[in-house]
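Subject: Handing over the two-chain model

Hi there,

Here is the structure I promised to pass on to you.

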Amino acid sequence: MSENMNDGAKASLARLADSHGLRRLFELDREAFEAAVASAAALSGRTERPQQLEIEMAHVCRFPNRAREA
Amino acid sequence: MSELAYLSFVEAARRIRAKDLSPVEYTEALLARIDTHNPSLDAFLHLTAEQALHGAQTAADAIAAGQALGPMHGVPFALKDIIDVEGLPTTAHSQILADNVARQDAHVTERFRAAGAILLGKLSTHEFAFGGPCFDLPWPPARNPWDRRMFPGGSSSGSGAAVAAGLVPAALGTDTGGSVRNPASMCGIVGMKATYGRVSRRGVIPLSYSLDHIGPMTRTVEENAALLNVIAGFDAHDPGSANEPVPNYLDAVHLGQGESLKGLRVGVIRHFYREDMIAHPAVDAGIEAALGVLAGLGAEIEEVTTRPLGEFSDGNRVILLSEGYAVHERWMQTRPQDYAEMTRQKLLPGAFLRAADYVQGLRNRTGFSTAVDQLLEHSDVLVTASSMDPPFLIDDAEAVARCYPRQARAPFNLTGHPAVAVPGGYYEADGEPALPLSFQLIGRHFDEATLYRVAAAYEQATGWIERHPPLDD
């Protein structure tokens, strides 16, 4: 875990681990846990949020349907 | 020995039918080669030598009795160890599943059996087709037969190493973010990720349900097409299986070998490896040389542009991590110590992505897929890099970490388009063994045939397939 992380932040990460049922993993590798939280947040931040409501999820089973239409 | 080791299985099957080659002789030769080289390559996790020899004798008896023969009658094959074979372990190269024994065959295993093929064993993989190469698992990682100090790619690492080394002519890998095409690239063989839904995943341990593909890995394009002929087709028991007609892919190979590519439009996505990422100069030069060959065969080369590679990669990653964590959540909670450290670290961000992230990822996927479709309205095939770098030292942790994002394969898992890694020459640094280079061809949904046509024409023009790893020197 980062050396400059304060006790409050450490406790917050521990609570997050508990809420996800990951306390055992957290105790095993705290640095990886912290890095994973940051990595997910960064990826989430880069994920586009389409504003057009008509854009649906790309259901994978539609691949063949689209190929037929083409 | 080398003659049988590097014999095309299409030719082997022809000789077996003609009674010029005994399935027993063929199987024994490959088992002997595995015995010699697997200790230094670690490509096989589990050998099924006794069953294979029994199967080879049964195949020989069938020929003698004049029975109907399948297209791979008497031909040995091997499977990545996340694919089920009834009664055999499926470990996913993980302590988590060390005692797991499959209760029935995967769909692709059934297809191999129906084709008359003979299983030699199960192949090394990165743990659960995701982490790796790892040195803290019950079994060591596979090595690259071109230089065993080197990374063979992954996650289908044993499949790539075994086929390249002439231990087996045909293997299957799986590909969620490039795991067939990466080892194909690093080991100098052909690796096809067909269209999503083309090959049933039933009986295969999932990594990411909507990104997982199974793919054939072979030394030549013709063998790859013959293998896809065997495994492609609808399976009502895989919800993602496509009920689409399957052509005879060998026809496309023969077309490529027999006619020019005159009029074929090739779109090159250069910005993936020159702007969005900067490929190693040898990789860049290899792609340019390949384009020169295609142009010489009559193809029309045109540069095309699409969304930045990083956007595609993030789009793939948010889905892969979300679905992957859903698969592994229970074990991550209860048995985290049984994963390799790297696998655990790679899976864990999926715990902290939100439902909204996943849904947005699936919504964005529509746009990515449309973007590639638009390129393929004006091009018959696309060309871009596979790996951005030649093989590197397997124990160089920094290089391993760097290599995962340095590729242009994941976009086509996200969009479902077929993509094949094709051997494209060699990188020869001073005094070091030659290492394979590779590039990718991408096609329209369900048009693997055109990829095989172009790859076969290129392969025939270059003759790269005549070169083999220096195991027998």
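First, some ground rules. This is a predicted model, in which local features need pLDDT of at least 70 and side-chain atom pairs count only at pLDDT 80 or more, while totals for chains, interfaces and linings use all residues. Residues are numbered from 1 along each chain as its sequence is written, and chains are lettered from A and ligands numbered from 1 in the order in which they are written.

**The two chains**

Chain A has four helices and zero strands, so its elements read α-α-α-α from the N terminus; helices (H or I, at least four residues) and strands (E, at least two) are DSSP runs, numbered from the N terminus. Of the 70 residues in chain A, 19% are buried, which means that 20 or more other C-beta atoms, placed from the backbone, lie within 10 Å of the residue's own.

Chain B has 17 helices and 11 strands. Buried residues make up 61% of its 473 residues. Its C-alpha trace spans about 60 × 60 × 50 Å along the principal axes. Among the contacts in chain B with a separation of 6 or more, 78% are between residues 24 or more positions apart. Two residues are in contact if their C-beta atoms, placed from the backbone, lie within 7 Å.

**Helix pairs in chain B**

Two packed helices are described by the angle between their axes and the distance between the axes. Here the axes are lines fitted to C-alpha atoms, for helices over the stretch in contact, and angles run from 0 to 180 degrees between N-to-C directions.

Helix H3 (residues 23-41) of chain B and helix H4 (residues 49-64) of chain B cross at roughly 160 degrees, their axes coming within 8 Å. That makes H3(B) roughly antiparallel to H4(B), the word for angles over 145 degrees. On the H3(B) side, Pro23(B), Val24(B), Thr27(B) and Leu31(B) meet residues of H4(B) including Ala49(B), Leu53(B) and Gln57(B). This contact has nine nonpolar, two polar and no charged residues; Ala, Val, Leu, Ile, Met, Phe, Trp, Tyr, Cys and Pro count as nonpolar, Asp, Glu, Lys and Arg as charged, and the others, Gly among them, as polar.

Helix H8 (residues 221-231) of chain B packs against helix H17 (residues 448-462) of chain B at about 160 degrees, with the axes 9 Å apart. H8(B) is therefore roughly antiparallel to H17(B). Their contact has six nonpolar, no polar and three charged residues.

H17(B) also meets helix H11 (residues 281-296) of chain B, at roughly 100 degrees and with the axes within 10 Å. These two are therefore roughly perpendicular, the term for 65 to 115 degrees. Ala290(B), Val293(B) and Leu294(B) of H11(B) touch Tyr458(B), Ala461(B) and Thr462(B) of H17(B).

**Where the chains meet**

At the interface, 37 residues of chain B are in contact with 29 residues of chain A. On the chain B side, helix H12 (309-334), helix H13 (341-347) and helix H14 (355-378) each give two or more residues. H14(B) gives the most, with 10 residues. By class, the chain B side has 14 nonpolar, 15 polar and eight charged residues.

Enjoy exploring!

Notes
Buried ≥ 20, exposed ≤ 12 C-beta atoms within 10 Å, placed from the backbone. Parallel < 35°, antiparallel > 145°, perpendicular 65-115°, else oblique.
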